[in-house]
Amino acid sequence: YRLETARVSAPVRIALLTDLHSCDYGEGQAGLLEAVAAEGPDVVLLGGDIVDDDARMDPERAYTAASALAASWPTYYVSGNHEFWSGEADAIKTALEARGVTVLEGACVPVAVDGQTIRLCGVDDPAAGEAVSRAQLARAAAQAIRPAHAGTPAPPGTFCILVFDFF
C-alpha cells in the first residue's frame, strides 16, 4: 500500500508482517527474509500472530526470523490472539525482546527515518483482556499526543502509526 501525507517529508518504507504463525519459510527463514529485503524497508512491524498456539508449529522458526529482521532493520512487535491463546504471550514477548525486537504494549516510540521522526504505537491483542487493551490504547493515544519523556507535546503534525492485531 502507499499512503501519502504531508506529515512526513521523505518516503518511509514499512514492512508489515502479520500472521506468520511460526511457519517455515525455508532454511533459516530465508524465503521470508529475502522477500522483506527485496522491499528495502526502513522499519519492520510484526503485527501479531507471529507465533502460533498450535504446539506442532515450532516457535523457534518465528524467533529465527525475528532475530534476523532485528539485525537488519528496526523491528517492532505487537501481540496477536494466537500468542495469548498459547498461554505463553509473556514468554514470547521476552523471547522477541532478547532477539532485538522492540515490544510495544501500550507504548509509542519515536523512530528516526531520513532525518524525520515518526511515532510507532502498539497495543496488545484484545485476547489480553478488554481492560488491558483499553488501558493500553489510552496510554498509547496519550503518548502519541504527549510523549512520556520531558512531558512535552509531540511536535505538531507528527505522523503516528498505531499497530494492533484484531482477530
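Reader: How do the residues lining the largest pocket divide into nonpolar, polar and charged?

Author: The lining has 19 nonpolar residues, one polar and four charged. Keep in mind that this is a predicted model.

Reader: How much space lies in that largest pocket?

Author: About 940 Å³. The lining counts 24 residues.

Reader: Which of them lie nearest its centre?

Author: Y1, L3, V12, R13 and I14.

Reader: Which elements each supply at least two residues of the lining?

Author: There are β1 (14–17), α1 (30–39) and β7. Strand β1 gives the largest share, with four residues.

Reader: Which residues line the second largest pocket?

Author: V123, D124, P126, E130, S133, R134, L137, L162 and F164. By class, that is five nonpolar, one polar and three charged.

Reader: Where does the largest share of that lining come from?

Author: From helix α5, which provides four residues.

Reader: Let's stay on α5, then. How far apart are its end C-alpha atoms?

Author: They are 23 Å apart. The helix has 16 residues, 130–145, so at 1.5 Å a residue it should span 22 Å. The two values agree.

Reader: Which residues of α5 are buried?

Author: S133, Q136, A140, Q143 and A144. These five cover an arc of only 100° around the axis, so they sit on the same side of α5.

Reader: Why would residues spaced like that point the same way?

Author: An α-helix has 3.6 residues a turn, so residues three or four places apart point the same way.

Reader: And on the other side of α5, which residues are exposed?

Author: E130, A131, R134 and I145 are exposed there. E130 and R134 also belong to the lining of the second largest pocket. So does S133, one of the buried residues of α5.

Reader: What covers the buried residues of α5?

Author: The cover includes three strands: β5 (107–113), β6 (116–122) and β7 (160–163).

Reader: Switching to loops. Where is G48 found?

Author: In the loop between β2 (43–47) and α2 (59–72).

Reader: Is G48 buried or exposed?

Author: Buried. The relative accessible area of G48 is 0%, and the cut-off for buried is under 20%, so G48 qualifies.

Reader: Which residues does G48 touch?

Author: Leaving out residues up to four places away in sequence, G48 touches T18, D19, V78, S79, G80, E83 and D165.

Reader: What separates the C-alpha atoms of G48 and D125?

Author: A distance of 7.7 Å. Along the chain, G48 and D125 are 77 residues apart.

Reader: Backbone angles now. What is phi of Q29?

Author: Near 65°. That is a positive value in a residue other than glycine. Q29 has its place in the loop between β1 and α1.

Reader: Buried or exposed, that Q29?

Author: Q29 is buried, with a relative accessible area of 3%.

Reader: What about phi of D114?

Author: Phi of D114 is near 50°, positive as well, and D114 is not a glycine either. D114 lies in the loop between β5 and β6.

Reader: Does D114 count as buried or exposed?

Author: Exposed. The relative accessibility of D114 is 57%, and exposed means over 50%, so D114 passes.

Note on methods
Residues numbered from 1 in each chain as written. Predicted model: local features only at pLDDT ≥ 70, side-chain atom pairs only at ≥ 80, totals over all residues. Heavy atoms only, no water. Expected span 1.5 Å × (residues − 1). Buried < 20%, exposed > 50% of the residue type's maximum accessible area, 1.4 Å probe, protein only. Arc of directions from axis to C-beta. Contact = heavy atoms within 4.5 Å. 1 Å grid on protein atoms, 1.4 Å probe; cavity = no way out; pocket = protein on both sides within 12 Å on 5 of 7 lines; lining within 4 Å. Points joined across faces, edges and corners; volume = space filled by probe spheres on them. Nonpolar A, V, L, I, M, F, W, Y, C, P; charged D, E, K, R; others polar.
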